[in-house]
Amino acid sequence: MGSHSSSGIQDTLPLAAHTSTTCTCKSHIFIDSEMATNVKMPLDLPNPGPLTEAQKALVKSTVPILEKQGPEITRRFYKAMLSANPDLKNTFNNSKQQQGGQAEALARAVYGYAAHIDDPTPILPYVERITHKHASLNIHPSQYKIVGHHLLSAITEVVGPSVFQGALYDAWYAAYWELARLFIGLEEKLYEGAEWVGWREFVVRERKEETEDVCSFYLVPKDGGVLPGYKPGQYISVQRYIPELGFNQSRQYSLSDAPNTNHFRISVRRDHSPIPGTLSNNLHSTLHTGDTIQVAFPFGEFFLSSSSSTCPSSTTSTSSGVHSLASHALNNETTSLLTLHPSPSQVKRAIFYSDIQGAVQGQDYDFAGRMDLSKLGDEVLRVGDESAEYYVCGPERFMDDIGKSLRGRGVDVTRIHSEMFSAAANPISGN
Ligand SMILES: Cc1cc2nc3c(=O)[nH]c(=O)nc-3n(C[C@H](O)[C@H](O)[C@H](O)COP(=O)(O)OP(=O)(O)OC[C@H]3O[C@@H](n4cnc5c(N)ncnc54)[C@H](O)[C@@H]3O)c2cc1C
Ligand code: HEM
């Protein structure tokens, strides 16, 4: 994915070297005392050590078999894990559980890691993306034991206890823990760099209806503290109690305003699907000025480098903060292409806008309809400028289309950066 990163993922390998047990950052505000304890790398985590060559071979040779059984393994895994640990319902996305897609993501990630076990370099960007998501959801080391236990138990059940045992079981156990320890190490680094860990209570200072479907919320810390700077393109998780479910749900929302220390702004598109989206509808219908909401520290490895000069994007706001309608793009309804130059005063934009009610052509949008890069000349797109980088943000199909279109115009793949609003179909295998 070639996105910019600050966590130094390469530094975290090899795993065995990562043994820090204390957090050195004195400025943390630990919101949740249990979390505060758990962010320190626990000493009691399994550490089966580096896989032997024989274990690697065993793991790699059995990946295809486990992949085939993937849906059944992950279905059993989540069912058993959530029934034994109902508290985790507050952590996992319930809708994804119902649909099943996300249920496969975790196991696929383990298989993907196993498939690249000799040289995990190609999958490190995916690992990094997951760790940012985990950090945003306050995943802590002790939970890896729960996940590991239920994942390996589910594999045993589906493949058969007489097959998945002995050396084979040990090899997968070691592979799981190698990946888990990589995640834990990276997440620990992210927590160390965060000004708070856990959920912090924020108040809605203002809500602004941007369109019928998109509402922006301006959030300020209830404790009156100053906010950290964040990078354009980063996101926060927000958490709310959902009465219909009887537990909490969290979702990620990009920070849609220019970085500032006063407020976080998120712009939420209401999901009107036949089965209405849980949190977006909850926020639209019930989160009003003066209400409170739980907010995580900003994370996300997808952000604009200060030197980036061009940004075709369906959503993200920019450091110059010129694009207040940024997140309307989430459903391809409004998509924008920003041409950024180092100086904010030199910003040009070409917005593709399908819901043009109340918007003025040339001011709020230049084109109606879906983003079609063929309408823009090479000069606007700066395809020939090797220093121009492209940040594409939105649903998977949108990103595929834009990526193809850019590549078709001769833009090298390394200049194209993408962020996904949903778990990739195969987030870690690199396929
Ligand atoms: C990094 C990142 C940044 C993001 N930034 C933004 C942003 O700036 N603005 C924004 O609006 N969104 C953003 N999103 C998306 C956001 O996090 C949510 O996914 C979105 O708001 C939908 O959440 P929801 O709870 O309303 O829907 P969910 O309840 O999660 O439902 C999602 C979909 O699943 C379907 N579904 C639910 N249950 C079932 C079922 N039983 N069977 C079949 N289908 C079902 C629903 O119909 C719906 O279409 C971002 C996501 C990521 C990962
Ligand atoms: C080695 C172990 C793990 C692997 C391989 C793994 C893998 C993944 C992957 C691939 C995703 C999707 C990322 C995306 O949306 O882009 C994900 C998301 C997520 N993971 Fe993990 N994970 C692991 C451990 C854990 C643990 C220990 C927890 C906490 C109990 C956890 C909780 C979550 C949650 C809550 C999400 C967001 C999706 C959702 O809400 O359902 N994961 N993980």
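Modeller: Start with helix H3 (residues 53-68) and helix H9 (residues 166-193), whose axes come within 9 Å and cross at roughly 90 degrees. Keep in mind that this is a predicted model. Two packed helices are described by the angle between their axes and the distance between the axes. An angle from 65 to 115 degrees counts as roughly perpendicular. H3 and H9 are therefore roughly perpendicular to each other. On the H3 side, the contact is made by Gln55, Leu58, Val59 and Thr62. H9 brings Ala167, Leu168, Ala171, Trp172, Ala174 and Ala175. By type, the residues of this contact of H3 with H9 divide into 8 nonpolar and 2 polar, with no charged residue.

An α-helix has 3.6 residues a turn, so residues three or four places apart point the same way. Keep that spacing in mind when you look at the contact residues on H3, which include Leu58 and Thr62.

Now go to helix H4 (residues 70-84). This helix has 15 residues, which at 1.5 Å a residue should span 21 Å. Its end C-alpha atoms are 21 Å apart, so the two values agree. The buried residues of H4 are Ile73, Thr74, Arg76, Phe77, Tyr78 and Met81.

Next, ligand 1. It is surrounded by 26 residues. The closest are Ser95, Gln98, Ser273, Gly277 and Ser280. By type, the shell around ligand 1 divides into 15 polar, 8 nonpolar and 3 charged residues.

Strand S6 also holds tyrosine 253. Is tyrosine 253 buried or exposed? A residue is buried if 20 or more other C-beta atoms lie within 10 Å of its own. Tyrosine 253 has 24 C-beta neighbours inside 10 Å, so it counts as buried. Leave aside its neighbours within four places in sequence, and tyrosine 253 is in contact with Tyr235, Ile236, Val238, Ile266 and Val268. Take valine 238 from that list. Tyrosine 253 and valine 238 are 15 residues apart in sequence, yet their C-alpha atoms are 7.6 Å apart in space.

Finally, the whole chain. Its secondary structure comes to 12 helices and 14 strands. Of its 431 residues, 40% are buried. Take the contacts between residues at least 6 apart in sequence: 71% of them join residues at least 24 apart.

Technical notes
Residues are numbered from 1 along each chain as its sequence is written. Chains are lettered from A and ligands numbered from 1 in the order in which they are written. This is a predicted model: local features need pLDDT of at least 70, side-chain atom pairs count only at pLDDT 80 or more; totals for chains, interfaces and linings use all residues. Axes are lines fitted to C-alpha atoms, for helices over the stretch in contact, and angles run from 0 to 180 degrees between N-to-C directions. Helices (H or I, at least four residues) and strands (E, at least two) are DSSP runs, numbered from the N terminus. Angles under 35 degrees count as roughly parallel, over 145 as roughly antiparallel, 65 to 115 as roughly perpendicular and the rest as oblique. Two residues are in contact if their C-beta atoms, placed from the backbone, lie within 7 Å. Ala, Val, Leu, Ile, Met, Phe, Trp, Tyr, Cys and Pro count as nonpolar, Asp, Glu, Lys and Arg as charged, and the others, Gly among them, as polar. The expected span of a helix is 1.5 Å times one less than its number of residues. A residue is buried if 20 or more other C-beta atoms lie within 10 Å of its own, exposed if 12 or fewer, and partly exposed in between; C-beta atoms are placed from the backbone. A residue is near a molecule or strand if its C-beta atom, placed from the backbone, lies within 6 Å of it.
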